[in-house]
Amino acid sequence: MQIPKRIAGTLINALKGGVVPRTGLGYIAVGRTNEINALLHDVSIAEDGGAFFRFVVGKYGSGKSFLMQIMRANVMDRGFAAADADLSPERRLMGTKGQGLATYRELMRSLSVKAKPDGGALQLILERWIDGIRSEVIAGGTPRENTFFDSAVEKKIYEKINTLNDMVHGFDFAAVISAYYHGFAEGNETLSTNAVKWLRGEFSTKTEAKEALGVNVIISDDNWYDYIKLMTAFLVSAGYKGLVVMIDELVNIMKIPHSVTRQYNYEKILMMYNDVMQGKASRLGIIMGGTPQCVEDNRRGVFSYEALRSRLERGRFATDETHDMLAPIIRLDPLTYEELTVLTEKLSEIHAVLYEYEPKITLEDRIFFVKTEFERVGASTNITPREMIRDFIELLNIAYQNPDKTLPQLMGAEDFKFSEGENADNAEGFEDFEL
């Protein structure tokens, strides 16, 4: 495998720690083809001016966060901006202590584009937008050295941002964008910095915003979703295809102890869902991730809010075997034996690159590892890719430090060996195994 050592290290360290790496996912991606294709179809709808809202549901460690990060990379490759946030006790969709605003701030902090994939892309986007307008003015016949160049740029900017005025809070959003341009063009770093600070939701009072930028509103718990839509429209005017927002760990809404606060959060989801599905949003995609319990629990989960349950509940004809990938909820199936064995091959190659040795673990070794993992009590229903990956990397580490031992010996099975034709007898589910 040709992989930079830096990325190999990032992958191995993140996966051993049980977290999803943000780079290099293509080197370890296996399976999930149907799910990815369904979501990419949604992205193509957003690219044509539509919008989409999906829930990705899977057990802890089943790969839902991995799938969302794969989608994050895919949408940036397609020219979209991406923003993601994990909910927590401090970050919700609504709250009495600014938890909704905290989620918005995290989304803006993580805002990424292909040229800046690790977050913090807001200022880059603003500068690209100004450069794009200047290029349009030059292409329109006004060269940079022309006396009227700056006024022509300003006129073009007002033409662009005036299109935002028809949206909720659009006038103030446009005023802040204009302030950023003036600060940028005039070398007034304080003005441009304050504009970025406002766009990130970092002003705590309207008085501060009024003094710094001359606007009478700030982004808050109540209105942050409106500014997500405004940011999407601005991104489109800056040359991007749109914005995809990914919000994970919905279980933290289920854990809210106060039922009223919990219902307010589900009400926010309903409002966003209705807004997107009724065509009131454009070029915007929203993907939310959670466990089956936090969605389907009728007492505390998403389905405890009747208006959401009636919209999201599975119909009469879909089953665990025949999923409807076009439904609002995508439920993740376990990876197959074959997919997990391919994944162990990728991991062994990456580990070998990182520690600079020739991989010695064979296909038989890897099949034996996967088979042994699934023979654990309750593994057929409870084991997840996260657990298997963590176990396998630990095994690779030990094998690297004990080169005189075979993998079966390290797993406590010294007498293990495959004889010809024995695979099917010893590993149910590995019949017709193709690699």
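Leaving aside its neighbours within four places in sequence, with which residues is Met-288 in contact? Contact here means heavy atoms within 4.5 Å. On that basis, Met-288 touches Phe-53, Arg-54, Phe-55, Val-56, Met-68, Leu-93, Ile-247, Leu-250, Ile-269 and Met-272.

## Basis of the report

The model is predicted: local features need pLDDT of at least 70, side-chain atom pairs count only at pLDDT 80 or more, and totals for chains, interfaces and linings use all residues. Residues are numbered from 1 along each chain as its sequence is written, and side-chain values use heavy atoms, with hydrogens and water left out.

## The chain as a whole

The chain has 435 residues, of which 49% are buried (under 20% relative accessible area, with a 1.4 Å probe and protein chains only). Its secondary structure comprises 20 helices and 5 strands; these are DSSP runs, H or I of at least four residues for helices and E of at least two for strands, numbered from the N terminus. The C-alpha atoms fill a box of roughly 85 × 55 × 35 Å along the principal axes.

Among contacts with a separation of 6 or more, 70% join residues 24 or more positions apart.

Two strands are said to pair if DSSP finds at least two bridges between them. Strand β1 (residues 51-57) runs parallel to β4 and is joined to it by 7 bridges; here Phe-52 stands opposite Gly-285. Strand β3 (residues 243-248) also pairs with β4 in the parallel sense, over 5 bridges, and Val-245 stands opposite Ile-286.

## The nonpolar cores

A nonpolar core is a set of buried Ala, Val, Leu, Ile, Met, Phe, Trp, Tyr and Cys residues joined through side-chain atoms within 4.5 Å. The largest such core has 83 residues, and Met-288 is among those with the most contacts inside it, together with Phe-55, Phe-173, Trp-198, Ile-228 and Ile-269. Helix α10 (residues 224-237) contributes the largest share of this core, 8 residues.

A second, separate core has 50 residues, including Met-76, Leu-335, Ile-350 and Leu-395.
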